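The exercises below concern one protein model. Each sets a task and then works through it step by step.

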Amino acid sequence: MSRAVGYARAEQFLRKLTAVDDGENPNDISPSDLKNSYSEQSNFDPAQQINGEAVTLPNAEQLTSSTLAKSRPVFQLPLKASIQPKRPNGAANKLEATDRSAHNWYRFVLSFPPHLVRDYLHRFGANAQTVCLDPFCGTATTLVECKKLGVPSVGVESHPMSFFAAQVKTDWTLDSQGLVDHAQDIAQRCVAKLALQGISDEGKNSRIRGSILRKLPQETESLLLTNSISPLPLHKTLILLDELRTASGSQYHRAELLALAQG
């Protein structure tokens, strides 16, 4: 199939799918037709000619004003009534106290709230027989809510840190008490190491020599805003990171790293 015909088939599929022409059945073209329509499209040259005529494709404005303006949906999914009470925008976007244990491991400030996801899952009738796709899943707010409700879900995320957070937050195989015990052991080792340096983790540290405080490599430090973290908290964080790395083989390692990132 030529590239030009491929694009023509794709446009035809769009018209069939949206039932633009009366009497046409959107099922006349199969999914394999659509797949073939886009074969080799990345190398398509819109200036090439077929039978002496230049190939021209409709731009977004033309599609909007013609094909899409005439289209009508093949089916409509009925929505159930919302189960969320009406609340002011400020309150509606906040993380509820009951959601913190599952979602507050690592969360973007601008993330949409879990109760919004629950509401839409309810309204769309999502259940164990449906699959929820989140193509930009971020730190897995949608995936966690689906997991809580027994709804199969798939998330896609390109940002490495968000992807890591999403993986950790959706791994519920860890023993919670084992994680707490392991984290406390790490913390005690850090406190002991700081004490050997004359540094208290909770009390005042007014007479600490700056020369004993660790710093980030210059290349790494250049990525931070100037004076965005004080020398002593940075020193404590680096000590903690060292202790976490010594336990990198632990089943709890990834969860503890994410907790450090959130902290």
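**Exercise 1. Placing a residue**

In which helix is the place of Ser-176?

Solution. The model is predicted, with local features requiring pLDDT of at least 70 and side-chain atom pairs counted only at pLDDT 80 or more, while totals for chains, interfaces and linings use all residues. Residues are numbered from 1 along each chain as its sequence is written, and side-chain values use heavy atoms, leaving out hydrogens and water.

Step 1. Ser-176 is placed in helix H10. Helices (H or I, at least four residues) and strands (E, at least two) are DSSP runs, numbered from the N terminus.

Step 2. Ser-176 has a relative accessible area of 56% and is exposed. The classes are buried (under 20% relative accessible area), exposed (over 50%) and partly exposed (in between), with a 1.4 Å probe and protein chains only.

Step 3. Tyr-252 is 76 residues away from Ser-176 along the chain, and their C-alpha atoms are separated by 9.6 Å.

**Exercise 2. The whole protein**

Solution. 

Step 1. There are 13 helices and 4 strands in the protein.

Step 2. The protein has 263 residues, and 27% of them count as buried.

Step 3. Contact means heavy atoms within 4.5 Å. Among contacts with a separation of 6 or more, 62% are between residues 24 or more positions apart.

**Exercise 3. A helix pair**

Describe how H10 and H12 pack.

Solution. Two packed helices are described by the angle between their axes and the distance between the axes.

Step 1. Helix H10 covers residues 176-196 and helix H12 residues 231-246; they pack at an angle of about 130°, and their axes are 9 Å apart. Axes are lines fitted to C-alpha atoms, for helices over the stretch in contact, and angles run from 0 to 180 degrees between N-to-C directions.

Step 2. H10 and H12 are therefore oblique to each other. Angles under 35 degrees count as roughly parallel, over 145 as roughly antiparallel, 65 to 115 as roughly perpendicular and the rest as oblique.

Step 3. The crossing of H10 past H12 is right-handed. A crossing is left-handed if the near helix is turned anticlockwise from the far one by less than a right angle, and right-handed if clockwise.

Step 4. From H10, Ile-186, Arg-189, Cys-190, Lys-193 and Leu-194 meet a set of H12 residues that includes His-235, Ile-239, Leu-240, Glu-243 and Leu-244. Sorted by class, this contact of H10 with H12 has 6 nonpolar, 2 polar and 4 charged residues. Ala, Val, Leu, Ile, Met, Phe, Trp, Tyr, Cys and Pro count as nonpolar, Asp, Glu, Lys and Arg as charged, and the others, Gly among them, as polar.

**Exercise 4. Arg-118**

Is Arg-118 buried or exposed, and which residues does Arg-118 touch?

Solution. 

Step 1. Arg-118 is buried, at 18% relative accessible area.

Step 2. Leaving out residues up to four places away in sequence, Arg-118 touches Glu-96, Asp-99, Glu-145, Lys-148 and Leu-149.

Step 3. With Glu-145, Arg-118 forms a salt bridge of 3.2 Å, N to O. Arg-118 lies in helix H7 (residues 114-123) and Glu-145 in helix H8, so the pair ties together parts 27 residues apart in sequence. Glu-145 is buried as well.

Methods. A salt bridge is a side-chain nitrogen of Lys or Arg within 4 Å of a carboxyl oxygen of Asp or Glu.
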